[in-house]
Amino acid sequence: MSLNPVRSFVIRYTLPERAHRKSCASPARFNNSGAHSRVVTAGVVCCPKSTTSSVSHSTPSPLLTTEPEIDARITQPGGRPFQILLIASTLAASWLGMQIVHEAGHVLGAWATGGTVLGVELKPWSISRTDVSPNPHPLIERWSGPLVGGVAPCAAWLLAVAARIRWAYLLRFFAGFCLVANGAYIGAGVVAPVGDAADILREMPAKWPLAAFGVVTIPLGFLLWNGQGPHFGLGTADGQVNRRHAVACLCVVTGIVLSEVAF
Ligand SMILES: [Zn+2]
């Protein structure tokens, strides 16, 4: 028996374009005939207001939940100022949080291999660093930073999705950010090794593991970002974001900055 994966995973909803443009703010595709035809993957309900549907679908996997939840979950809508606040604070929190998780990986790697952590440099204005001495297994300790830095945020996002937390999309963005950042940092070591990549090459001259890490993590990071724009007020969301989430992100950034400056 053969299955067509594309056919079995594609659902189409169709209704007049004008009506659907008014009733559905979620991202959509408009075909040449004027009908509003949305393509949704993996059994996820596209638009709860759609009047016609050609499918029967099973309960969607929370791991695949994307577009339909975007509009339904903007329960505290805010305008452009909140959109700017959400985007800016999410980027800032992702940058600071990425460095924290990355250095936590170094610390765990050092502790797990009998190393002694002398200090962790975490300041908003500088690139983070972990000093380990003695460091019995520097290769493991160096790799632990980017590995934990990429895996831990993904695990946090998946847990949030499984728990059906409304702000799971923020963790999804953060996980994508960490994958892209760590992947670019290590992958660039193939041509310009600095920091961890330089240390790794000193312990093991082969460059292919660095390239492999970047090849896996960077596309995966962009995959996580894909389709998330409306959460941040982009596209058909027309500037609407959850204002509570925007304020919460600002609080997170403020808390991290104050903590790093204080310690
Ligand atoms: Zn590092």
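This is a predicted model: local features need pLDDT of at least 70, side-chain atom pairs count only at pLDDT 80 or more; totals for chains, interfaces and linings use all residues.
The contact draws on Phe82, Leu85, Leu86, Ser89, Thr90, Ala92, Ala93 and Leu96 from α4, and on Arg243, His245, Ala246, Cys249, Leu250, Val252, Val253 and Ile256 from α9. Sorted by class, the residues of this contact are 12 nonpolar, three polar and one charged. Two packed helices are described by the angle between their axes and the distance between the axes. Here the axes of α4 and α9 come within 8 Å, and they cross at roughly 35 degrees.

Take valine 253, which sits in helix α9. Is valine 253 buried or exposed? Valine 253 has 21 C-beta neighbours inside 10 Å, and because 20 or more are needed, valine 253 counts as buried. Setting aside residues up to four places away in sequence, valine 253 touches Ser89, Ala92, Ala93 and Leu96. With leucine 96, the C-alpha to C-alpha distance is 7.9 Å, although valine 253 and leucine 96 are 157 residues apart in sequence.

Isoleucine 256 also has its place in helix α9. Around isoleucine 256 there are 19 other C-beta atoms within 10 Å, so this residue is classed as partly exposed. Again leaving out residues up to four places away in sequence, isoleucine 256 touches Ala93 and Leu96. Another pairing to look at is isoleucine 256 with isoleucine 100: they are 156 residues apart along the chain, and their C-alpha atoms are separated by 9.6 Å.

Now let us step back to the whole chain. The chain has nine helices and seven strands. Of its 263 residues, 35% are buried. How much of the contact pattern links residues at least 24 apart? If you take the contacts between residues at least 6 apart in sequence, 67% of them join residues at least 24 apart.

The largest nonpolar core contains 34 residues, and Phe174, Ala175, Phe177 and Cys178 are the ones with the most contacts inside it. Two or more residues of this core come from each of α4 (80-112), α5 (138-162), α6 (168-187), α7 (196-203), α8 (208-225) and α9 (243-262). Which of these elements gives the most? That is α6, with 14 residues.

The axes of α5 and α7 come within 9 Å and cross at roughly 150 degrees. Angles over 145 degrees count as roughly antiparallel, so α5 and α7 run roughly antiparallel to each other. Their crossing is left-handed. On the α5 side you will find Pro138, Leu139, Arg142, Trp143, Gly145 and Pro146, which meet Asp196, Asp199, Ile200 and Glu203 in α7. By class, the contact of α5 with α7 holds five nonpolar, one polar and four charged residues.

Finally, have a look at some backbone details in the loops. In the loop between β6 (129-132) and α5 you will find proline 134. Serine 133 and proline 134 are joined by a cis peptide bond, with omega about -5 degrees.

Further along, arginine 164 lies in the loop between α5 and α6. Its phi is near 55 degrees, a positive value in a residue other than glycine. Arginine 164 has 10 other C-beta atoms within 10 Å, and is therefore exposed. Aspartate 238, in the loop between α8 and β7 (241-242), has a phi near 55 degrees, again a positive value in a residue other than glycine. Is aspartate 238 buried or exposed? Aspartate 238 is exposed, because 12 other C-beta atoms lie within 10 Å and a residue with 12 or fewer is counted as exposed.

Conventions:
Residues are numbered from 1 along each chain as its sequence is written. A nonpolar core is a set of buried Ala, Val, Leu, Ile, Met, Phe, Trp, Tyr and Cys residues joined through C-beta atoms within 7 Å. Helices (H or I, at least four residues) and strands (E, at least two) are DSSP runs, numbered from the N terminus. Axes are lines fitted to C-alpha atoms, for helices over the stretch in contact, and angles run from 0 to 180 degrees between N-to-C directions. Angles under 35 degrees count as roughly parallel, over 145 as roughly antiparallel, 65 to 115 as roughly perpendicular and the rest as oblique. A crossing is left-handed if the near helix is turned anticlockwise from the far one by less than a right angle, and right-handed if clockwise. Two residues are in contact if their C-beta atoms, placed from the backbone, lie within 7 Å. Ala, Val, Leu, Ile, Met, Phe, Trp, Tyr, Cys and Pro count as nonpolar, Asp, Glu, Lys and Arg as charged, and the others, Gly among them, as polar.
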